Structures are given as structure tokens and as C-alpha cells.
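User: I have a structure open and would like to talk it through with you. Could you take my questions as they come?

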Amino acid sequence: HARSRNYVSESEVYKLESVPLDFGDYHPLKPITVTESKTKKMNRKGSTSSTSSSSSSSVMDPLSSVLDGTDPLSLFAAAADPVTTTAAMDSTRKKRDKDDSSVVGSDFEPWSSKRGEILARYTTTEKLSINLYMGSEKGKATTTGSAVSEKVRTRLEELDDLEEGSQKELLNLTQQDYMNRIEELNQSLKDAWSSDQKVKALKIVIQCSKLLSDTTVIQFYPSKFVLITDILDTFGKLVYERILSMCVDSRVSLTDNFSPESVNDTAKETCLNWFFKIASIRELIPRFYVEAAILKCNKFLSKTGISECLPRLTSMIRGIGDPLVAVYARAYLCRVGMEVAPQLKESLNKNFFDFLLTFKQIHGDTVQNQLVVQSVEIPLYLTLYSPAIDWILQCIAYHAPEVLLTEMMERCKKLGNNALLLNSVMSAFRAEFIAARSMDFIGMIKECDESGFPKHLLFRSLGLNLALADPPENDRLQILNEAWKVITKLKNPQDYINCAEVWVEYTCRHFTKREVNTVLADVIKHMTPDRAFEDAYPQLQSIIQKVITYIYDFSLLFSVEKFLPFLDMFQKESVRVEVCKCIMESFINILNALLHICKTMHDSVNALTLEDEKRMLAALINGFIKMVSFGRDFEQQLSFYVEARSMFCNLEPVLVQLIHSVNQLAMETRKVMKGNHSRKTAAFVRACVAFCFITIPSLSSIFTRLNLYLHSGQVALANQCLSQGKA
């Protein structure tokens, strides 16, 4: 027998003697920590480099790098300790949740999708000007002395003269010339960077950023913003990739979610150097834009760098006096913020609420005087804000709770229900949230201060939301009545049809043919005078598409009194054909569904099926076949009969009907050609006769076969198909 053992006591006796470890001593598995000396780094006046102190060598410990800072013995101990294991799992879960919230999904519409629309919408015929950076000649002459000290002296002179390089002002540029020059600057930036002229690259970016303070051609400003921020994005990407490349070691490379502790001192030094260069820019607007462009680089310095910089940059925008320039600066900050830290919604919200506090500046004397000088009306001026406000609100509303919409509505009410803000709110938030508050929004629209922004555009935005989500059932009719009161009063046909197109879908979704008929009648009434419909064919086609999408019962559709008069507005031949094709495609879809139903009935026939049941099924299918007509498209009609023959081969009465229908089709062709067939029609009638010749032998009744042979032979001879008739 095996002797009994007490493993616990034996373990206590034979375990190794534990020796307390002095953590001040070197240990091979101890991770190396680097502590930065902030006092030395901040005090950079008169120096070109900074120093840092560390508890040990700055070279990464190979054991620590391989083990990722963990000791395998510690891992075993942690695995054995349930408390530690639970804590580790909680930590992992929190980290995963945090990562999920910090990623923008595919349901977020990117800035790139808006870029083309802005450039196409905000154009100008006025002449533009631009300042081009030509480079500075300082420091080019060589003098005796150390090459290193010469390089340092030249670099210091360049930094001192950062904003005062040689410039060339180009005047009287067309819009296309201006865009070409901006593209040249973008290429110059890339060339300077690739040739290791980093200061020159920074000067180009500064000069481009200064252009965003110029509103002399104000209606072009949104497009200018798009072009200039493309350059800023290029610069930010170049700087980030440069610093990231300095972190890559032959042994170790940074992961996507790296921590500042894993960044080496050289990369941190370079990163700080860029931020100090940017901090020395004197003017507010270029300093703001350039720092915002490299906001992502804060990841190399500290974990909280971005969260600390965003509120500071938001506050910096308060110093921009022009409200249009300021709102686009806020839009750029939101854009960068969503890319690098989408989870920091508080800063984005603060950004927008700051804008609301300064919104009254739009109606101030300074702006009004500027508009008078440039001969710009207030409605046109307000549309310049739309891209920026829409983008800011899209960022704020992304995955935002419903309570935020309530807060936004309250703030809009405090500002007198400004139409511009109201429109952007309805465009940004989820359609379900807007639809649930439809009556509240209608009340705000009715009371709103239009300020040059027409109410019918607000109803259009509301209609777009109601096309995606359903409002409360009890409010649906009242919503339609309130909206149509405004729409029907519009005098401009283009404004009218743009709104009506949206609300037709809402009407078709929720109401009967009576309401649809009323809406179509109103459209005809507005678009018929002066043949206004000729300029609105796309919108009218869209209305037809929506009507046939929701009213799929064609007997009901053609019973709508104003449907055919509505079709009469399509006077242009090509457009009329497109509309008819659209209707027929919808009808064919219904035919396909009916064909499937008939096929299901046919497939139910078997050896046990009674003759009466077969006759009844055959009569139903024959009724469907007789109803199908493709008009003058005889080839499509014959193709349908061929398909039907393959689908209904087990029911002889159906095959007999198909033979009679094909013979009738051949005689109709003869009637159209008045007995004189062309090569094409002669081939077609021969195909019809061949169909009958092949199908008749499959019938079981001999007298039915004889009658059909006689009938088909007469059809063949009537169409000069002599050999086929003889056969």
C-alpha cells in the first residue's frame, strides 16, 4: 500500500527560502521606467534640444521587450489567484469597451463624401488672390566655421523668420486658377518634406492657413476651406508618420494602440519640437489650424494629451472675430477630433455650445457691413454656414442619446428657433428621434425666425426624416396638413417641386389613394403653367417611382384619377419612354409573382389529381396567360409563351391555349405587315409555326392534334411558310 502523504506540510518544509528583493537594485525581469523631467523640457528658451532624466538606461531591456513587461512566474501566480484573474478580466473588458467607443463605424458619413458637393455648390466668378511662399534666402551663404554650428545658426534664423519668408501675391485669379495654385502648394509641401526641408514645409502650411482668415470673396469661403484643409491633412499625416517611423526599432515596432511609455526619447523629443515650433506662430488662425492638424501626435507624449488639447483649442476659437471663419475652425476641430478621439464627445459638445453663444454675431453691424460691401444677400450668406454646422452636429449626434436632441431643441428655442440651426439639427440626428417629435418640430418651424432661410426647406428636411421613420399614428394626418399648407403656397415651381417630391413618399406610405390623388392634382396645378414641368423632369420621375413603389396594385393605381394626367406632363420623348419603362418593370415584377403562383398550382398536379381539379387549374392558368400582353413587342410575347410551355407541360388544356395564342400572334404580325413580311418578320412567323409544330405532338387527344395541325397549317400558308405548312 502507498503511504499517506501530507503535501501541504511537505511543501512548507521543502520550499526555497524567500529572500526580500530590494527594488532599488537591478533585476533582469524588472521593466525599465523612464521619467521625464518636465521642468527641463518646458524651459527651452535659447536651446535647440531638451534633456530627460531616467531611472536607468534609455535603451530598451531585451527581456522586457520580449515579455512585454510581464514575468512568466507572475503569470502563473495570477492564474492561480482567482481575485487577480477576475480583476484582469474586468480590466480587459473595460479596455475592449473603451476601444469600441473610440472607433467610428461605417454608419458615420465621412468628410470625403461631402468634399465634392461643397466644391460644386460654393463657386464664384469673381477674381481671387493668393500669397505664395517663395522661400527665404537667409543663411544660404557659407562662412568659415564648424558645419554643425552653421547648421544650428541657420535653423535658428529660419525659426525666427518663420512667418516672414519671401512671398509672392498673385492677383486676379479665376476659381480654377486658384484651385490649381492650391494643388501646386500641396505638391510643394510633399516635395519639401521628401527633400528633408521640414521648416520650408511648415512655412507653406502656415501661409496656407493664413488664407482661411481672408473672406474678401465670401461666397467661395466653404470651397476654400475644403482646399486648404486638404493641405493641413497632408501635413498632419506627414508629421505623424515621421515620428512613428522614429519609434520603429529593428527589434520592436509599435502596435496600433501603443502607449506613450513605449515611445523612445528621440521620437518624443522630435514631437515636442514640432509643438514648440507651432506654439511660436504669432497669428491665431494659422497657429490653431497647424496645431489641430497634428493633434494626433499628442499620443506620443501622454495618454491625456489629446483630451487636454481639445478644450484648449476650443477656447482658442473664441478669439476669432469673424463668425464664418470661427464656425469653420470649429468644424475642422470636430473633424480632427472625430478621427483621433471620437469618444471625447464633451469637447465636441462644448465646441457647438460656444458657437451658439456667439451666433448673434451673424446679425451684427460688422457682418452686415461686410455683406453690403460684397453685395451679398443674407439668405445666400446663411447658406455658407450650412456645411460647417451640419458637420459639427453630425459629429455631436453620432450615437448620441435621445436626451441630447431634447437639449438641442431647447437651445434652438432660446435662440428664437433660428431656421438655419433647426435645419441642421433635423439633418444631423437619427430619423427615429425626429419622427417621434414631428409635431414639436412643426410648432418650432411655424414660430421660427426665418432670417433669410425659408421655411419650406425646413419642411423638406422634416419630410426626408419622415421618409425613413414613421411618426406617431395619431399625428400623421395633421403633419401632412400642416406641411402641405406651406408647400402649396410656394410660387417658385422649383422650390415647390423639391418639397413636393419628398412629401409624396410620406403620403403614399401612410394614406389611401384619395390623398395621393389630391397631392398629384396639386403637383399638376403648380407645374403645368408656363410648362414649368420641363425643368423638373427628374423630380417628376422620382414622384412616379415612389407612387408605383407603394401602390403596387395596378388596378388601384390606374383608378387614381390624376395618375394618367400626371403622365401627360412628360412631353419629352426620351423621358416619357423612361417613365413607361419604369412602370412596365414594376408590372413585370408583379407578373413574375403571378407566374410563380401559377407554377405552384401546376406542380400540385399528380396521378391522383381528379379531372375536374385539373380542368379548374387549367382554366385559372389560361385566364392568366390571356391577360399577359406585351403590346407591339411580339418577340417578348413569344418568349413568354415559350417559358409558359416549359412551366405548364403537365396540363394539356394550357398547352392547347398556348398553341392558339402563338398562332394568333403570327396572324397579328401578318396584319401589321399587311401580308408583306420583311426578313425579320418572316423569321419571326417561322419561329411561331415551329413552336406549334413541336408542341402539338405532346398532346394525347388525337382529334385535338388533328384540329391544331389543320389550324397551324393554315396559319403557316397564310404567312407564306410553304415548307412548314406542308410539314
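Analyst: Before the details, one term is needed: pLDDT is the predictor's confidence in each residue, on a scale from 0 to 100. This is a predicted model, and pLDDT stays under 50 over residues 72-101, a stretch for which the model has eight contacts beyond four places in sequence.

User: And what is the mean pLDDT of the protein?

Analyst: The mean is 80, and 80% of the residues reach 70 or more. Over residues 30-70, however, the pLDDT is below 50, although this stretch has 51 contacts in the model beyond near neighbours in sequence. Where pLDDT is low, the predicted coordinates should not be read in detail.

User: OK, helices then. At what angle do helix 14 and helix 18 pack?

Analyst: Helix 14 (residues 323-340) and helix 18 (residues 386-397) pack at about 35 degrees, with their axes 9 Å apart, and helix 14 passes helix 18 in a left-handed crossing. On the helix 14 side the contact involves V327, Y328, R330, A331, C334, R335 and M338, which meet P387, A388, I389, W391, I392 and C395 of helix 18.

User: How many of those contact residues are nonpolar, and how many charged?

Analyst: The contact of helix 14 with helix 18 has 11 nonpolar residues and two charged ones, with no polar residues.

User: What about helix 23 and helix 24, what is the angle there?

Analyst: Helix 23 (residues 455-466) packs with helix 24 (residues 476-487) at an angle of about 145 degrees, and their axes lie 10 Å apart. The crossing of helix 23 past helix 24 is left-handed. Helix 23 contributes H456, F459 and L466 to the contact, while helix 24 contributes I479, E482, A483 and V486; by class, these are five nonpolar residues, one polar and one charged.

User: Switching topic: is S209 buried or exposed?

Analyst: S209, which lies in helix 9 (residues 198-210), counts as buried because its relative accessibility is 0%. A polar atom of the S209 side chain lies 2.8 Å from the backbone oxygen of V205.

User: Last one, why does G236 count as buried?

Analyst: G236 sits in helix 10 (residues 221-247) and counts as buried because its relative accessibility is 8%, where the cut-off is under 20%. Apart from neighbours within four places in sequence, G236 is in contact with A293 and I294, and its C-alpha atom is separated by 8.0 Å from that of K296, 60 residues apart along the chain.

Key. Residues are numbered from 1 along each chain as its sequence is written. Side-chain values use heavy atoms; hydrogens and water are left out. Axes are lines fitted to C-alpha atoms, for helices over the stretch in contact, and angles run from 0 to 180 degrees between N-to-C directions. Helices (H or I, at least four residues) and strands (E, at least two) are DSSP runs, numbered from the N terminus. A crossing is left-handed if the near helix is turned anticlockwise from the far one by less than a right angle, and right-handed if clockwise. Contact means heavy atoms within 4.5 Å. Ala, Val, Leu, Ile, Met, Phe, Trp, Tyr, Cys and Pro count as nonpolar, Asp, Glu, Lys and Arg as charged, and the others, Gly among them, as polar. Buried means under 20% relative accessible area, exposed over 50%, partly exposed in between (1.4 Å probe, protein chains only). A polar contact is a pair of N or O atoms within 3.5 Å; within protein, one must be able to donate a hydrogen and the other to accept it, and residues adjacent in sequence count only if both atoms are side-chain atoms.
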